[in-house]
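Hi everyone, thanks for coming.

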2 protein chains.
Amino acid sequence: MSLVVQKFGGTSVGTPQKIRAIAERIAETYASGHQLIVVVSAMGHTTDELVELAYKVSKKPKNREMDMLLTAGERISMALLSMALEDLKIQAMSFTGSQTGIITDGNHCRARIKKILGDRVKNAISENKVAIVAGFQGVSESKEITTLGRGGSDTTAVALAAVLNADICEIYTDVDGIFSADPRIVKKAKLIKRIPHDLMVEMAFRGAGVLHYRSVDLAKKYGVKLVVKNSFKESEGTEVVNREVIKDTIKGMEEYQVLAVADDASKIFLKINLMRPTVASAIWEFSSKNHLAAIAPMFYDGQMFFYIEKDAEDEWKKGLEKLTHDGFVKSFEVIRNQVPVSLIGNRFLQDCTSLAEISDALASHDILVTHGVASPLAITVSVAASRKDEAVKILHRKFIENSDCL
Amino acid sequence: MSLVVQKFGGTSVGTPQKIRAIAERIAETYASGHQLIVVVSAMGHTTDELVELAYKVSKKPKNREMDMLLTAGERISMALLSMALEDLKIQAMSFTGSQTGIITDGNHCRARIKKILGDRVKNAISENKVAIVAGFQGVSESKEITTLGRGGSDTTAVALAAVLNADICEIYTDVDGIFSADPRIVKKAKLIKRIPHDLMVEMAFRGAGVLHYRSVDLAKKYGVKLVVKNSFKESEGTEVVNREVIKDTIKGMEEYQVLAVADDASKIFLKINLMRPTVASAIWEFSSKNHLAAIAPMFYDGQMFFYIEKDAEDEWKKGLEKLTHDGFVKSFEVIRNQVPVSLIGNRFLQDCTSLAEISDALASHDILVTHGVASPLAITVSVAASRKDEAVKILHRKFIENSDCL
């Protein structure tokens with residue numbers, strides 16, 4: 001008998017009908033004799049609607065109360081799912097983050113998990129009940145309700161799988177798995193059947209929307225086997241596994257390998273001129289204190305460049321205005337039309353062949369690369385947002401369709 | 001019975017006495033019933049002496065003849081080692097790169113391995129002979145003798161271990177293993193007992209001198225278990241293994257972890273102003289054609305920055321002068337007193353806590369960070385060469401001695 005953690009996102013539990021369909025699916029897994037923990041998000045756009053509601057009530061809702069409000073979302077979906085399961089004669093029991101013992105730091109709206117107790121969930125599954133756990137939420141050591149921020153539900157699922165030593169953690173979503181590029185952009189994008197954790201971290205980090213890098217990083221740390229699958233379709237999906245299981249088989253022993261092209265329209269580019277090069281830490285302190293991601297950051301001679309989440313723009317601006325006022329920042333610029341496109345793969349940078357080829361391929365279509373950084377597993381370049389899809393297509397054609405990498 | 005590949009570097013076979021000592025060591029492994037392939041470098045400074053000799057004979061020796069000349073080095077050491085083994089009543093047989101069937105591209109002095117045939121070596125070990133293989137050398141498809149360039153002997157050993165499916169590849173060297181910092185700089189540096197391939201690639205890439213990243217990248221690709229050990233001392237050494245075997249155990253589930261501080265005095269910083277941002281590919285083409293590494297490269301708005309090998313300075317300069325003449329480069333600057341110092345670890349960049357802490361720690365000792373890039377597994381900053389050791393000490397104290405990461 002194995003222990004399976006399944007996670008269903010907001011779209012998978014978006015309507016009563018879908019909840020019943022999910023329940024059928026869970027019932028099948030249960031029938032085949034597995035112990036089951038199911039992590040759910042709030043239904044569809046519930047979270048967005050609750051946020052909107054908050055701003056209709058108050059101009060500046062406090063983060064603490066926002067967490068209190070938002071955590072109602074998963075309460076609803078998990079209670080409904082439990083009911084649907086009971087209707088199918090399956091004993092199910094729902095647990096909030098707090099009941100599950102998901103202990104976080106006290107950072108409202110962006111809490112990090114410190115540890116998971118999990119006693120009640122363990123008891124439930126040992127009694128052959130399906131445990132339904134609220135994703136995205138936890139409780140601080142001072143008993144405050146917290147939410148985990150971006151990637152929260154996936155992170156809940158992976159963290160539970162890690163702590164309870166689950167055999168597998170299945171992430172159900174509205175696509176068939178992880179592709180070699182966004183299939184909405186690239187028609188010939190291939191489903192990746194297996195990808196090692198380290199490359200999936202890079203991919204998630206640089207834009208593949210299906211999994212959040214935070215949850216993949218956690219899966220990598222604890223060696224949790226992830227499977228990304230379609231909620232409403234039988235598909236093999238994509239397995240995210242330890243590297244040992246996968247050996248890449250490029251012809252030349254030492255050649256680089258490209259696995260995927262990732263793009264990310266949810267990012268924008270930020271450029272900061274510091275007052276002095278010695279005050280860089282002021283910026284990092286601000287971003288770290290507020291858990292604001294700075295992606296592919298580079299720093300040179302008093303200038304800083306990195307990507308930020310588009311919807312964190314206001315928060316960054318407010319912070320940088322204060323830092324300007326305090327004498328750390330000379331000026332800053334949010335460059336909204338620059339987005340990152342990345343190649344994910346192995347053995348980049350033994351030489352610069354791949355960098356040369358990216359620059360060349362894009363230049364020959366008059367696409368200007370304005371910024372770029374590279375590391376052994378990924379190369380990220382900036383292109384104009386209006387040319388992004390074209391850039392993805394060109395790179396996919398060159399590095400994936402016209403090669404035998406996959 | 002398992003198949004063991006052992007590699008001994010130049011210092012390990014530096015004198016006749018040492019060759020006899022190595023032979024004794026090999027005899028022990030042989031006596032315990034293992035099949036054995038031993039990869040050797042040229043004795044001590046032989047390669048340097050041969051290079052010097054070449055320049056005494058000719059102003060501009062051709063790369064082809066240089067390869068012919070240098071490959072004599074391993075011939076000497078492997079023949080001597082075979083003799084020492086025969087004296088110990090162990091049947092040994094030496095093989096050149098060509099005899100081993102190490103097929104490379106035709107790039108003299110910096111060839112890449114394309115495949116390995118290995119038939120003669122397989123025959124030798126199946127007859128219970130110890131196969132002694134010349135490291136660093138191969139043969140192109142047009143039967144030209146080639147050498148593999150930097151990291152060549154380690155790469156030979158790992159590639160053989162991969163192709164022949166060895167159980168382990170032991171790299172013998174003059175230190176006890178991989179440390180959390182250079183023990184010559186940091187007295188409290190800790191021996192790392194186990195490190196996953198991906199972090200070892202980053203570490204090697206960013207300066208840890210013991211292993212070359214090229215060989216580690218290959219070990220990662222093929223899942224080869226590496227052990228780095230002292231040639232002349234009984235020590236457990238450091239195992240470089242698949243991530244699955246190691247689970248890092250930081251208190252907070254989602255906290256970052258620092259494993260080591262790497263520094264690299266063999267690098268210098270290069271800054272290039274392009275004539276137009278669109279001509280970046282000219283630089284990458286030059287570096288890729290010549291297999292010249294560009295480490296931690298970044299590109300912004302027509303400016304490029306990266307580290308190069310100190311001893312490749314002349315080659316870069318010559319190339320860049322030509323590119324200036326051809327209208328691609330406006331100006332370039334070699335900044336000799338800036339060297340990279342890196343933190344290697346896990347889960348950097350979920351937020352910027354670690355970046356903030358690096359900047360802060362160094363700034364509080366008036367060490368200026370002039371350049372920095374970060375990726376999920378590593379953060380690299382530039383400091384003045386004269387302050388490098390101090391920076392390493394400060395970072396090691398802060399992130400490793402005063403933490404429970406290891």
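**How the two chains meet**

Let's start with the contact. Of the interface residues of chain B, 100% are also interface residues in chain A, so the copies meet through the same surface. Please keep in mind that this is a predicted model.

How many residues does each chain bring to the contact? Chain A gives 63 residues and chain B gives 62 residues. On chain B, the elements that each supply at least two residues to the side touching chain A are β5 (113–116), α7 (197–205), α8 (213–222), α9 (280–289), β15 (295–300), α11 (353–363) and β19 (371–375). Sorted by class, that side of chain B has 19 charged, 16 polar and 27 nonpolar residues.

Now find strand β15 of chain A, residues 295–300. It pairs with β19(B) in the antiparallel sense, over 3 bridges. If you want one pair to point at, A:Met298 has B:Val373 in β19(B) as its bridge partner.

Last stop, the core. The largest nonpolar core has 271 residues, and those touching the most other members are A:Val38, A:Leu81, A:Ile132, B:Val38, B:Leu81 and B:Ile132. Let's zoom in on B:Ile132. Leaving out residues up to four places away in sequence, B:Ile132 touches B:Val38, B:Val40, B:Met78, B:Leu81, B:Ser82, B:Ala92, B:Met93, B:Ser94 and B:Phe95.

That's my tour, thank you!

Conventions. Residues are numbered from 1 along each chain as its sequence is written. Chains are lettered from A and ligands numbered from 1 in the order in which they are written. This is a predicted model: local features need pLDDT of at least 70, side-chain atom pairs count only at pLDDT 80 or more; totals for chains, interfaces and linings use all residues. Two residues are in contact if their C-beta atoms, placed from the backbone, lie within 7 Å. Helices (H or I, at least four residues) and strands (E, at least two) are DSSP runs, numbered from the N terminus. Ala, Val, Leu, Ile, Met, Phe, Trp, Tyr, Cys and Pro count as nonpolar, Asp, Glu, Lys and Arg as charged, and the others, Gly among them, as polar. Two strands pair if DSSP finds at least two bridges between them. A nonpolar core is a set of buried Ala, Val, Leu, Ile, Met, Phe, Trp, Tyr and Cys residues joined through C-beta atoms within 7 Å. A residue is buried if 20 or more other C-beta atoms lie within 10 Å of its own, exposed if 12 or fewer, and partly exposed in between; C-beta atoms are placed from the backbone.
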